[in-house]
Amino acid sequence: MAHISVEGWRYAYQGILPAQMLDALDVEERTKNMLSRMSQYDGVEQFGLVAVDAQDRVLGFIEGGPQTSPAEGIEVEIQTLYVHPKAHGRGIGKLLLTEAVRRFVAAGHRSMIVWTFRDNAAVEFYRKLGGTLAKESTYKLADVEYPDVGYAWYDLPTWLASH
């Protein structure tokens, strides 16, 4: 999964973040960070889901849980969503997002947000899936602030019923 995260960052944030920052991403360090987060999963309020192919190769993953950046009227957050660049366009991101929404709804949540860099191509993915621009902010990396946007869904049960 850490490999997918690193490759996802390098693909999605090329031209947004400095090349040297993306080149310096380390799978081993990312693995440690991910294992630390995973130790907090309870399967209901904080969870991770993985999409694999028939050979059990990881194609993508999603993490959901409490908001990390409060936005009014929002209960929970998609904290990460990455699909290997070679697996883009196969419906894996939508499948992961749908299953995360299913878990949120089962836990009684009605609204969620996902944050991404404003210039990330994923913005269009979130729009196509019904996300609406809810908040604009900045995300600080290496002492530089980057424009960040939050896309929200305010009626998850209705969204889930139509997807």
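R127 forms a salt bridge with E124, with 3.5 Å between the closest N and O atoms. The model is a predicted one. Both R127 and E124 belong to helix α5, three residues apart, about one turn of the helix. Helix α5 (122-128) also supplies at least two residues of the lining of the largest pocket.

**Salt bridges**

- The count of salt bridges comes to seven.
- R102 and E99 form a salt bridge at 3.0 Å, N to O.
- Helix α4 holds both R102 and E99, three residues apart, about one turn of the helix.
- R102 has a relative accessible area of 41%, so it counts as partly exposed.
- E99, at 29% relative accessibility, is also classed as partly exposed.
- A network of salt bridges links E99, R102 and R103.
- R57 pairs with D53 in a salt bridge whose closest N and O atoms are 2.7 Å apart.
- D53 counts as buried because its relative accessibility is 16%, under the 20% limit.

**Nonpolar cores**

- The largest nonpolar core has 28 residues, of which I62, I78, L96, L97, M112 and W153 touch the most other members.
- Elements giving two or more residues to this core are β1 (47-52), β2 (58-66), β3, α4, β4, α5, β6 (144-153) and α6 (156-161).
- Helix α4 provides the largest share of this core, six residues.
- Neighbours within four places in sequence aside, the contacts of I78 include I62, L97, A100, F104, M112 and V114.
- A second, separate core has 15 residues, among them L22, L25, F61 and F117.
- In general, nonpolar side chains of soluble globular proteins tend to be buried together.

**Helix α1**

- A2, I4, S5, V6, G8 and W9 are the buried residues of α1.
- These buried residues pack against α2 (19-23), α3, β2, β3 and β5.

**Largest pocket**

- The largest pocket contains about 1300 Å³ of space.
- Its lining has 50 residues, and those closest to its centre are W9, Y13, T80, L81 and Y82.
- Elements with at least two residues each in the lining include α1 (2-12), α3 (27-38), α4 (92-106), β4 (112-117) and β5 (132-141).
- Strand β3 gives the most to the lining, with seven residues.
- By residue type, the lining divides into 25 nonpolar, 16 polar and nine charged residues.

Notes:
Residues are numbered from 1 along each chain as its sequence is written. This is a predicted model: local features need pLDDT of at least 70, side-chain atom pairs count only at pLDDT 80 or more; totals for chains, interfaces and linings use all residues. Side-chain values use heavy atoms; hydrogens and water are left out. On a 1 Å grid over the protein atoms alone, a cavity is a set of points where a 1.4 Å probe fits but cannot get out, and a pocket is an open set with protein on both sides within 12 Å along at least five of seven lines; lining residues have an atom within 4 Å of a point. Grid points are joined across faces, edges and corners, and a volume is the space filled by probe spheres set on the points. Helices (H or I, at least four residues) and strands (E, at least two) are DSSP runs, numbered from the N terminus. Ala, Val, Leu, Ile, Met, Phe, Trp, Tyr, Cys and Pro count as nonpolar, Asp, Glu, Lys and Arg as charged, and the others, Gly among them, as polar. A nonpolar core is a set of buried Ala, Val, Leu, Ile, Met, Phe, Trp, Tyr and Cys residues joined through side-chain atoms within 4.5 Å. Buried means under 20% relative accessible area, exposed over 50%, partly exposed in between (1.4 Å probe, protein chains only). Contact means heavy atoms within 4.5 Å. A salt bridge is a side-chain nitrogen of Lys or Arg within 4 Å of a carboxyl oxygen of Asp or Glu.
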